[in-house]
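Hi,

Here is the structure I promised to pass on. Have a look at it first, and my notes follow below.

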Amino acid sequence: MLSYWSESIHCCHWIGVSCSRWHIHRVVAINLSSYGLVGSLSPHIGNLTFLRTVILQNNSFHGEIPPQIGGLFHLRVLVLSNNSFGGEFPTNLSHCLNLKVLNLIDNKLIGKIPKELDSLSTLQTLGLSINNLTEKISASIRNLSFLITLSTGDNHLEGRIPEELGRIATVEFIQLSHNKLAGTIPSPLYYLSSLDYIDIASNQLEGSIYPDIGVFLPHLTGLFVSKNKFTGPVPGSLSNASGLIYIHFADNTFTGLVPQDLGRLQNLQIINMSDNRLGSTEALVLGRNKLSGTIPLSLSNLTLLNYFYLYDNNLSGEIPSTLASPTLIDVILSNNNLTGSIPKELVDISTGVLVFNLGGNALTGSLPVELGNLINVADLDVSHNRLYGSLLNSLGKCVVMEDLQLDGNFFEGEIPESLQSLRGLEYIDLSHNKFSGRIPEYLGELPFLTYFNLSFNQLEGEVLTVGAFGNETTVSVQGNYGLCGGIPELNLSICPTYSTNKHLVVKIVIPVISIATSCCILLVIFFIIYHWKRKSRKNINVSSPELYNS
């Protein structure tokens, strides 16, 4: 890098250096971010009295921050993050009265945050996270009346969150996590209507979360309070903060129910409420959000859950078998990225399920035999997965089923006869599989069937013309190249006549030939015996005169 800083070239033309347009040859900005620089920062930087911007982040500087920086009265932006600067916090930075951005994140600074910083009345961003700072956050922080971003996480700060922080109306981002802060959340903090993000996780905070937090902080996108000592209920008003993306309440002592209205948060990506004392709730409705990661095992604690809706998200991993509950009525996990097999426990225990929808995932394996235990299921959808094997005869026990969707898998074999007991079926989709054999005749006798899709399988033989098969808008059989016949509107080939003659041959001609052949064989045997007997008599008659003459 320094090879480009040559005395033969004016410093205003050096890489990373900018000079003033109005004051010739005066350096106003140094931006050497991520250049791999090492060593200490020269105290001579204090000679560049017109400097307004210093950005040296993502390098390997060490040693103390030169106190001479405090003499840069025009300085507005100082970014020294992601280095190894050490020593105590430089108090003389408080002389840079025009400073708007002070970012010292991820260094090795020690000591306390000096009260002198309260003189930086124009400061908008204060970043001090990931250092070794100690003691309390001073109440004098209230003087930073234009502060927007405060980041002091991952230090060793202690004491209470100062109430004065809640007096700064401009604050949008507060990050105080991974410290030793204690006490309760100061009430003025709940009235920062512009607050967008608050992270106070991994401290020693206690008390309850204000019930109307979602009303007074409607612009929240992230709320992190995990790993503290909070108690009380999860505020239902969070559903009012429609922009919420992250909710982390894990590792506390929250009680009560998970608010059902959280399902209205359309932008929600992650919700973590594990390791609390939450009671059971009847419904968990979080469909059509942006939830990612795996399904939390902690949801197994919701032992009275009736409605489990996590459809249309970005969830991955396997379905926990511990989710099984005899109280479940609807299980809808469709359109995610779930993998693994369908847990047999989920269908073995949850016999009261009415809707079971796992469609649109990446599930593998065969259907568990226990699926037949869902004797009350009306809608069964495992479409568009990677399931394989043959259809279970046990499905015939699901006699109240109305909707069966198995399309888009790798099922094979014949359509089982046991399905004829499902007389209430209205919608069947078996398309895009590997089913083979003939279409069972009982399918034409299902009285309520209004949609039947058998397309793109390996079925063969003549298509029925009765029941649902008598209406081209009801049935689809395309892509089965062995099928023939059916109603003309299906545009299938006419079944070859030889198939009928062959049927007659099998049932009539072959038995006649067999009988005729048997009769011929008997006649041959009869003529052989008859001929043999005649020959024997002639031999006797010929030999008799000889005996007499002798």
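In which sense do strand E37 (residues 434-437) and E39 pair, and over how many bridges? They pair in the parallel sense, over two bridges. Within that pair, Gly437 stands opposite Leu459 in E39.

Before the rest, some housekeeping. This is a predicted model, with residues numbered from 1 along each chain as its sequence is written; local features need pLDDT of at least 70, side-chain atom pairs count only at pLDDT 80 or more, and totals for chains, interfaces and linings use all residues. Side-chain values use heavy atoms, with hydrogens and water left out.

**Overall**

The chain has three helices and 41 strands. Both are DSSP runs numbered from the N terminus (helices are H or I with at least four residues, strands are E with at least two). Of the 550 residues in the chain, 46% are buried. Buried here means under 20% relative accessible area, exposed means over 50%, and partly exposed is in between, with a 1.4 Å probe and protein chains only. Among contacts (heavy atoms within 4.5 Å) between residues at least 6 apart in sequence, 44% join residues at least 24 apart.

**The parallel sheet**

E37 and E39 belong to an open sheet of six strands, in the order E31-E33-E35-E37-E39-E41, with parallel pairing. Two strands count as paired if DSSP finds at least two bridges between them. Strand E31 (364-365) and strand E41 (482-485) are the edges, each pairing on one side only.

Towards the E31 end, two bridges join E31 to E33, and Gly365 stands opposite Leu387 in E33. On to strand E35 (residues 410-413), E33 has three bridges, again parallel; there the bridge partner of Ser390 is Glu412 in E35.

**Core and cavities**

The largest nonpolar core has 138 residues, and those with the most contacts inside it are Leu102, Ile247, Phe249, Phe308 and Phe356. The elements giving two or more residues to this core are strand E2 (27-31), helix H2 (344-349) and strand E39 (458-463). Such a core is a set of buried Ala, Val, Leu, Ile, Met, Phe, Trp, Tyr and Cys residues joined through side-chain atoms within 4.5 Å. Leaving aside neighbours within four places in sequence, Phe308 touches residues including Leu284, Ile295, Leu323, Asp330 and Ile332.

How many cavities of 30 Å³ or more are there? The count comes to three. A cavity is a set of points on a 1 Å grid over the protein atoms alone where a 1.4 Å probe fits but cannot get out, and lining residues have an atom within 4 Å of a point. Points are joined across faces, edges and corners, and the volume is the space filled by probe spheres set on them.

- The largest cavity holds about 120 Å³. Of its 13 lining residues, the closest to the centre are Ile113, Leu126, Ile137, Ser138 and Ile141. By class, the lining has eight nonpolar, three polar and two charged residues.

**A few single residues**

Ser334 sits in the loop between strand E28 (330-332) and strand E29 (337-339). With a relative accessible area of 8%, Ser334 is buried. Beyond four places in sequence, its contacts include Tyr311, Asp312, Asn357 and Asn361.

Thr339 lies in strand E29 and is partly exposed at 32% relative accessibility. Its C-alpha is 5.0 Å from that of Ala362, 23 residues apart along the chain.

Two backbone angles to check: Asp154 has a phi near 55°, in the loop between strand E12 (149-151) and strand E13 (156-160). Phe456 has a positive phi of about 55° although it is not a glycine, and lies in the loop between strand E38 (451-453) and E39. Most residues other than glycine have a negative phi.

Cheers

How values were computed. On a 1 Å grid over the protein atoms alone, a cavity is a set of points where a 1.4 Å probe fits but cannot get out, and a pocket is an open set with protein on both sides within 12 Å along at least five of seven lines; lining residues have an atom within 4 Å of a point. Ala, Val, Leu, Ile, Met, Phe, Trp, Tyr, Cys and Pro count as nonpolar, Asp, Glu, Lys and Arg as charged, and the others, Gly among them, as polar.
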